[in-house]
Amino acid sequence: MCICINCHYVDRCTTYNAVEEQHQQPHLTNSPTFEPTEPTINVNIRPKDDYIEMEWDVVGCESFLEERGKWIKLRPGEAVPT
C-alpha cells in the first residue's frame, strides 16, 4: 500500500501527483509544490487478458511526515487507494 495516504504532504507532493497520473486518478492538486527527498516506488506488473496492469506504490520516502487519515480528510466518502 502507498504510504502517501497517511502523509502530511500528499496534497502537494510531486511524486504522489505522478502516481495519480499513472493510475489515471484525479489529482489532489494540479500544481504540486513539494519535492520529496528520496521517494521509493514499487511497481507491480500483472498481465491481464490482453493488457498489462501496473500498480505504483510509494513504499518509502525520506520526507514522509505521518498524518494519519490525511488522504481521507481530503477525499471524504471516496474509496481509499490501495
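1. A word on the basis. This is a predicted model, with pLDDT of at least 70 needed for local features and 80 or more for side-chain atom pairs, while totals for chains, interfaces and linings use all residues. Residues are numbered from 1 along each chain as its sequence is written, and side-chain values use heavy atoms, leaving out hydrogens and water.

2. Cysteines first. You'll find 0 disulfides here, a disulfide being a pair of cysteine sulfur atoms within 2.5 Å.

3. C4 is buried at a relative accessible area of 7%, and C7 is buried at 8%. (Buried is under 20% relative accessible area, exposed over 50%, partly exposed in between, with a 1.4 Å probe and protein chains only.)

4. Now the cavity. Searching the whole structure turns up 1 cavity of 30 Å³ or more, and the largest cavity holds about 90 Å³. Lining it are 14 residues, of which C4, C7, C13, V58 and C61 are the closest to its centre. (A cavity is a set of points, on a 1 Å grid over the protein atoms alone, where a 1.4 Å probe fits but cannot get out; lining residues have an atom within 4 Å of a point. The volume is the space filled by probe spheres set on the points, which are joined across faces, edges and corners.)

5. What is the lining of the largest cavity like, nonpolar, polar or charged? It divides into 13 nonpolar residues, 1 polar and no charged. (Ala, Val, Leu, Ile, Met, Phe, Trp, Tyr, Cys and Pro count as nonpolar, Asp, Glu, Lys and Arg as charged, the others, Gly among them, as polar.)

6. There is 1 aromatic pair. The ring centres of Y9 and F34 are 4.0 Å apart with planes at 5°, so the pair is stacked. Y9 sits in the segment before α1 (14–22) and F34 in the loop between α1 and β1 (40–48), so the pair ties together parts 25 residues apart in sequence. Both Y9 and F34 are buried. (Rings pair with centres within 6.5 Å, and planes under 30 degrees apart count as stacked.)

7. Last, α1. Its buried residues are T15, Y16, N17, V19 and E20, and their cover includes β1, β2 (51–60) and α2 (70–74). Just after α1, Q24 takes a positive phi of about 55°. (Helices are DSSP runs of H or I, at least four residues; strands are runs of E, at least two.)

Key. 1 Å grid on protein atoms, 1.4 Å probe; cavity = no way out; pocket = protein on both sides within 12 Å on 5 of 7 lines; lining within 4 Å. Phe/Tyr/Trp six-rings, centres within 6.5 Å; stacked < 30°, edge-to-face > 60°. Contact = heavy atoms within 4.5 Å.
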